2 protein chains.
Amino acid sequence: MRATLMYGAGDVRVENVPDSAVEQPTDALVRITASCVCGSDLWPYGSMSPADGPVRMGHEFIGVVEDTGSEVTTVKRGDLVVAPFAISDNTCAFCREGLHTSCANPQAGFWDTLPEEGGQAEAVRVPLADGTLVRLPVAADSALIPSLLTLSDVFGTGYHAAVAGGVDERTRVTVIGDGAVGLLAVLSARRLGAEQIVLMGRHRARTDLGREFGATDVVPARGEEGVEAVRELTGGEGTHVVLEAVGTMPAYRQALGIVRSGGVISRVGVPQYEEAPVGFGSLFGRNLRLAGGPAPVRAYIDALMPDILDGTLEPGKVFDATTTLDGIPGGYRDMADRKALKVLVRP
Amino acid sequence: MRATLMYGAGDVRVENVPDSAVEQPTDALVRITASCVCGSDLWPYGSMSPADGPVRMGHEFIGVVEDTGSEVTTVKRGDLVVAPFAISDNTCAFCREGLHTSCANPQAGFWDTLPEEGGQAEAVRVPLADGTLVRLPVAADSALIPSLLTLSDVFGTGYHAAVAGGVDERTRVTVIGDGAVGLLAVLSARRLGAEQIVLMGRHRARTDLGREFGATDVVPARGEEGVEAVRELTGGEGTHVVLEAVGTMPAYRQALGIVRSGGVISRVGVPQYEEAPVGFGSLFGRNLRLAGGPAPVRAYIDALMPDILDGTLEPGKVFDATTTLDGIPGGYRDMADRKALKVLVRP
């Protein structure tokens, strides 16, 4: 079958690989009908050493169940399913609390823990299928597929940022980052009732979509200038919550400057740093809180799907380009060059 | 009048200084009847450069109002009052939300922002007296004074750790540190209903008091060994909340090792570091949260005082030594040498 491999920075190839197949009794084999390229794929695309490659890519997909192991009970051959970007059993103590990314099952983990599998491919073996996969009550060619595909990662991740940040109708929110996750963090903050949502981003087409998703203000400036602009919009105090959807140290420092004393910085951009300021002069002195992490998107699918099915929310608008499996290398390039916000893949 | 000055590491002196007096219409002059030495005073006692001194010391006290400015309305001459370690107006937006340590009033701040005032003295000028001071419904020689004095800092600080950590009857808690704040964090976690409270400390007399305050387990080991011990006590998972009442990097790392995935590290020990690990390998990957800061103890006095007045709680047990104003240098020495847990000062 065909699958996507990254050989190093800027070097993505679609090649023939051994066919995926059911191996464990809890596995399902899924024939992929829609997948996409993630903003987080751009980190290795920008910096990966060839010595670390090649690696299989893709952790967001919808597909049709083609085969199941003997213990799989919740999905069957022919079902259309969506997979979260973390494999989980949905039954352990952490999953029951909604923290599927910390699932205690030995088979649980992120897709990159499975070196022979990936979502940017023709098919994929899904471990812990009962826990991981969620059936979709639509056809594979439904117009809702792009929106439903965002449940695999970017919508759930934006939503996690807002939930972990404690967004509600009493909070003012700043979202740092106008990528797909940032824009869907805006949509999520709006869904949770935030009264003011400031989107920090400088790409007009994206911030326009952000306004459509619910941003009340847009701040193109960054750094000190951006901090000043947000403070001006908030009576000098900053916002109760900052949803940090980038992951760089400048974004972290920007969040520190923008967050209101006693407020929360909720991070869902994968940190490209390990150490950061958290002492008296940064977090501690102002009783700031730090929250967030890899989103347990499985926990949010049941809550978010109805809004997509009934047309209330259209998170799929983050897809502004479509390609085929063989077009994936170009999709990476377009996203890295900021020509595309997020690329949908129809194998 | 007599007051305490720190000249440098290990060099505390009680000297004659100009009498404190009302200066602003919102000031009160308080004749101090009980004060104490704080664990946080030991940081400069261990490291302060003589070039930075001398500085006035003391931020925890009870006393009798002797004079008030023309605008003071809530306390009057003769009232016995307790002062939180932060000056606040108790009316600004932050105070109304319970974050008095971020009071927006220009006169607000910590005692060390007033170079000519301090609580380890015969008297003190209290700015924003209406907001800062709280009347005590007892006599200055009441047996409850030690417990009421803890409302100025250590009890409120331990309580803030537990509140900021989200402690409730469903949480397991670890407290790092067997100083006064750590022990009162135990008492606070107990008050909030925590089912398991692990106290990490190695001073038997202190951990015995911790057990009396509600600790269900005591772990004398530190570092990796201590982390392992707590994990063994919690089915391998760690505790939902870690109350970090020390402030050193080893204590932070210990907290990281002990906290359950998805849990909270709530810090009230003043961080002796500015940068700390918060990336994928520490906080982010496990959706850990970081909370805490200087405690807005003013916000907790109304809730905690009744439990002291009716004898339900005796936080004053953290005082294991008493001295006079002139005995304060010895009090610092005894606390630094760990001969005393916390020294009460009766001028």
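Reply: Before the questions, note that this is a predicted model, in which local features need pLDDT of at least 70 and side-chain atom pairs count only at pLDDT 80 or more, whereas totals for chains, interfaces and linings use all residues. Residues are numbered from 1 along each chain as its sequence is written, chains are lettered from A and ligands numbered from 1 in the order in which they are written, and side-chain values use heavy atoms, with hydrogens and water left out.

Me: About how much accessible area do A:Phe280, B:Trp43 and B:Val270 have together?
Reply: These residues form a nonpolar patch on the surface; patches are made of residues with over 30% relative accessible area and no salt bridge, like charges being joined within 9 Å and nonpolar side chains (Val, Leu, Ile, Met, Phe, Trp, Tyr) within 5 Å. Accessible areas come from the Shrake-Rupley method with a 1.4 Å probe, and for residues only the protein chains shown count as cover. Together the three have about 230 Å².

Me: Is A:Phe280 buried, partly exposed or exposed?
Reply: A:Phe280 is placed in the loop between strand 16 (275-277) and strand 17 (289-292) of chain A, where helices (H or I, at least four residues) and strands (E, at least two) are DSSP runs numbered from the N terminus. Buried means under 20% relative accessible area and exposed over 50%, with partly exposed in between (1.4 Å probe, protein chains only). Because its relative accessible area is 35%, A:Phe280 is partly exposed.

Me: What kind of axis relates the two copies?
Reply: Superposed by least squares on the C-alpha atoms of residues with pLDDT of at least 70 in both, chain B can be laid on chain A with an RMSD of 0.0 Å by a turn of 180 degrees and a shift of 0.0 Å along the axis. The copies are therefore related as by a two-fold rotation axis.

Me: Which residue of chain B comes closest to the rotation axis?
Reply: The copies meet through the same surface, because 100% of the interface residues of chain B are also interface residues in chain A. Judged by C-alpha position, the residue of chain B that comes closest to the axis, at 2.5 Å, is B:Leu290.

Me: How many residues of strand 14 of chain A are buried?
Reply: Strand 14 (residues 239-244) of chain A runs parallel to strand 11 (residues 172-176) of chain A, with 4 bridges joining them, and pairs in the parallel sense with strand 15 (residues 259-267) of chain A over 5 bridges; two strands pair if DSSP finds at least two bridges between them. A:Val173 has A:Val241 as its bridge partner in strand 14 of chain A, while A:Thr239 stands opposite A:Val259 in strand 15 of chain A. Strand 14 of chain A is mostly covered, the number of buried residues being 5 of its 6.

Me: Which residue of chain A meets B:Glu97 in a salt bridge?
Reply: A salt bridge is a side-chain nitrogen of Lys or Arg within 4 Å of a carboxyl oxygen of Asp or Glu, and the side chain of B:Glu97 takes part in one with an N to O distance of 2.8 Å. The pair crosses between chains, from the loop between helix 2 (93-96) and strand 8 (109-110) of chain B to strand 15 of chain A.

Notes: Contact = heavy atoms within 4.5 Å.
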